[in-house]
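Here is a friendly note to keep beside you as you look through the model for the first time. Please have the sequence and the 3D view open together, and take the points in order.

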Amino acid sequence: MDEILQQALLYDFYGELLNDHQKEIYEQFILEDLSLSESAEAEGISRQGVHDLVKRCQKALEGYEARLHLVRRFLSIKEKVREMETLLDTAELTKENQGELRRQFRELSDSILEVL
């Protein structure tokens, strides 16, 4: 997965666990795509200070994911829903294949519930 997308997802799920200062700097660098220098100037701290803070935030967010797996679960559910949509889009519903489609949907929905 793209590094920026990964960081954005981690922030979406765990960002509220950061303090306000951390959130501000992290949002500027990752979500608003400001440079380290631009963030440093806006916050009145050094470029190195911004760099260190961003790295600490990334490590903290990755640690939360390692323990809680919310992003992994979200992506798994998203993939299974896509499979269901594809099944619906490509299937011709006939009396003969109704049972098979129901079985496939139950299998996918059961796997979603397992993830939850």
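**Notes on helices, burial and salt bridges**

1. Let us begin with E100, which is partly exposed, with a relative accessible area of 36%. For these labels, buried means under 20% relative accessible area, exposed over 50%, and partly exposed in between, with a 1.4 Å probe and protein chains only. Before going on, please note that this is a predicted model, where local features need pLDDT of at least 70, side-chain atom pairs count only at pLDDT 80 or more, and totals for chains, interfaces and linings use all residues. Residues are numbered from 1 along each chain as its sequence is written, and side-chain values use heavy atoms, leaving out hydrogens and water.

2. E100 has a salt-bridge partner in R103, at 2.6 Å from N to O. A salt bridge here is a side-chain nitrogen of Lys or Arg within 4 Å of a carboxyl oxygen of Asp or Glu. R103 and E100 are about one helical turn apart, because three residues separate them in helix α6 (residues 98-115). Helices are DSSP runs of H or I with at least four residues, numbered from the N terminus.

3. R103 also forms a salt bridge with E107, with 2.8 Å between the closest N and O atoms. These two residues lie four apart in α6, again about one turn of the helix. An α-helix has 3.6 residues a turn, so residues three or four places apart point the same way. R103 itself is partly exposed, at 39% relative accessibility.

4. How many salt bridges does a search of the whole structure find? The answer is four. One of them joins the side chains of K23 and E16, at 3.2 Å from N to O.

5. Next, look at helix α2 (residues 20-31) and helix α3 (residues 36-43), which pack at an angle of about 145 degrees with their axes 9 Å apart. The axes are lines fitted to C-alpha atoms over the stretch in contact, and angles run from 0 to 180 degrees between N-to-C directions. On the α2 side, H21, E24, I25, Q28 and F29 take part, meeting L36, S39, A42 and E43 of α3. Contact means heavy atoms within 4.5 Å.

6. Which residues of α3 are buried? They are L36, S39 and A40. Seen down the axis of α3, the buried residues fall within an arc of 100 degrees, so they line one face of the helix. That arc is taken from the directions from the helix axis to the C-beta atoms. The cover over these buried residues includes α2 and α4. On the face turned away from the buried side, you will find the exposed residues E41 and A42. Just after α3 comes G44, with a positive phi of about 70 degrees.

7. Finally, visit Q58 in helix α4 (residues 47-68). Is Q58 buried or exposed? Q58 counts as buried because its relative accessibility is 12%. Apart from neighbours within four places in sequence, Q58 is in contact with Q7, Y26 and I30.
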